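User: I'd like to go through the aromatic side chains in this one. Can you put the structure up?
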Amino acid sequence: MSRHRLCSPWAPLRGRVLSCLAWGLLVLVGLGCGRQDAPADRSNWAGKTLRIGTDATYPPFESVKDGELVGFDIELGALVAEELGAKVAWTNTSFDGVFPALMAGKFDLVISAVTITPERQQRLGFSTPYYTAGQLVVVRQGDTSVTGIETLRGKTAGIQINTSAALVLEKYPDIQVRQYPSIDLALQDLRNGNLAGVVGDGPTLRYFLAHGFEGLRAAGGLLTEEHYGIALRPDDTALREAVDGALQRLRDNGRFAALEERYFGEAAQKAQAARAEVPWGKVAWRLAQGLGLTLGLTLLALVSGLPLGLAVALGRRVRFKPLSWLCAAYVEGLRGTPLLVQIIFIYYALPQLLGVDLAPMLAAVLALTLNSAAYVAEIFRAGIASVDPGQEEAARALGLSRAQVMRHVILPQAVRNVLPPLTNEGIALLKDSSLVSIIGMAELTRAGQELASQLAAPLAVWPLVALFYLMATLPLTRLASALEKRLHRQA
């Protein structure tokens, strides 16, 4: 028997699969590093870039207007950076991801109306307080049964997720708490009659009441006295001292007082009372930009996920058991865990576990690719299994190797059979891309969330977001239907 016959016919294929997996690992470890070098002396930021994270869905402290970050905290961050002699780079991400990103070193500070609480002080460092606020209860205008926090007992209250309102309501276990991604959604649910009240930061709730949530009112005064602080990593004492010094200088020279008057003074309160019309053109343009990013992420993930999924599907069929088990574990692991958890792990956990700091775009594409490839692998495996085994036997009888049979006989038929489910996977991937907003990607859903908060008009924005998704998925749906009909006629 020749040496060539002693080699497994699957050896070339196995080599290709191993190469694909090794390439994926190299991409994970080596590409897209997003961490910028911070100064060795954390007290000297002259000429450096101060990276600040925020969640721009919380006016008047932070929101997005005409594509730009605006608000009290945004201007304060710029002033602090100016006092330090540094440039400022903002990262706009969801509030439930802003603290993990800080601890992972994605940025240096968080300025996002962060209340200083004992629980947060156990994990984070804080500057000296820069603003005093408090929790407020908002109810429907005609509801006289709720006059404050005590009268919410036995009822349901809404709050924004991960805010200090949860700490206030912990003292009232008989109040059922319902959490929302943003406070405007809680207020809308209150208007719909599904909540008895909403508890949140007083300045922000008053902003929403003045900008479009008619039929709601504040019930009673402030429940607490809370202090906002600039959050940073607990061991970054040099930066904390530098920030405290900058805040003190801003107070001494009057610039902080001027900023506070502009946002919370009497003139600002009168300006808030004038409700503006929804700028439909600007809203549509912002959503179109978000849709462009959504489509780009989907396309990149599909282009990368299809060959990886095919490689994994073929890897599960090889006789080399360790590779087969590895591919099976990959599929089960990625299909058995939520995509959101995978995104968080790749973007937030890898910097701390392996020192791998990926840029948001690469992390988003990588997470979507790896997740999609697991589903694509099962689609291809089912397509291969649908081919009549007799065809493989006949091809082998004609002298074709296993690899040749797979390449020239089975795969062409399998690919034709899996086109409709692959199209459906593309539709599902397009909608799942909304989860990357947790790492600061302003795709379509995140763009809608920012607009709904800034305009205080969720009922105007979210139907338009749904329309944009429909415009993106309808062609794919039609394509899948046409492919199914064509394959049915050919069967």
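Analyst: One definition to start with: buried means under 20% relative accessible area. Also, this is a predicted model.
User: Fine. Is Tyr 347 buried or exposed?
Analyst: Tyr 347 has a relative accessible area of 5%, and the limit for buried is under 20%, so Tyr 347 is buried.
User: And Tyr 348, buried or exposed?
Analyst: Tyr 348 is buried, at 4%.
User: How many aromatic pairs are there in the whole structure?
Analyst: The search finds 17 aromatic pairs. One of them is Phe 72 with Tyr 130: the ring centres are 6.4 Å apart and the planes are at 20 degrees. Planes under 30 degrees apart count as stacked, so this pair is stacked.
User: Where do Phe 72 and Tyr 130 lie?
Analyst: Phe 72 is in helix 3 (residues 72–84), and Tyr 130 is in the loop between strand 6 (125–126) and strand 7 (131–133). The pair therefore ties together parts that are 58 residues apart in sequence. Both residues are buried.
User: What about Tyr 347 and Tyr 348, how are those rings arranged?
Analyst: They form an edge-to-face pair, 5.0 Å centre to centre with 75 degrees between the planes.
User: Which residues do ring pairs link into a cluster?
Analyst: Phe 61, Phe 72, Tyr 130, Tyr 131, Tyr 228, Phe 256, Tyr 263 and Phe 264.
User: Switching topic: which charged ends sit over rings?
Analyst: Lys 106 has its charged end over the ring of Tyr 347, 3.8 Å from the centre. The charged end of Arg 251 is over the ring of Phe 256, 5.2 Å from the centre.

Note on methods:
Residues are numbered from 1 along each chain as its sequence is written. This is a predicted model: local features need pLDDT of at least 70, side-chain atom pairs count only at pLDDT 80 or more; totals for chains, interfaces and linings use all residues. Side-chain values use heavy atoms; hydrogens and water are left out. Rings of Phe, Tyr and Trp (its six-membered ring) pair if their centres lie within 6.5 Å; planes under 30 degrees apart count as stacked, over 60 as edge-to-face and the rest as tilted. Helices (H or I, at least four residues) and strands (E, at least two) are DSSP runs, numbered from the N terminus. Buried means under 20% relative accessible area, exposed over 50%, partly exposed in between (1.4 Å probe, protein chains only). A charge sits over a ring if NZ of Lys or CZ of Arg is within 6 Å of the ring centre and within 35 degrees of the ring normal.
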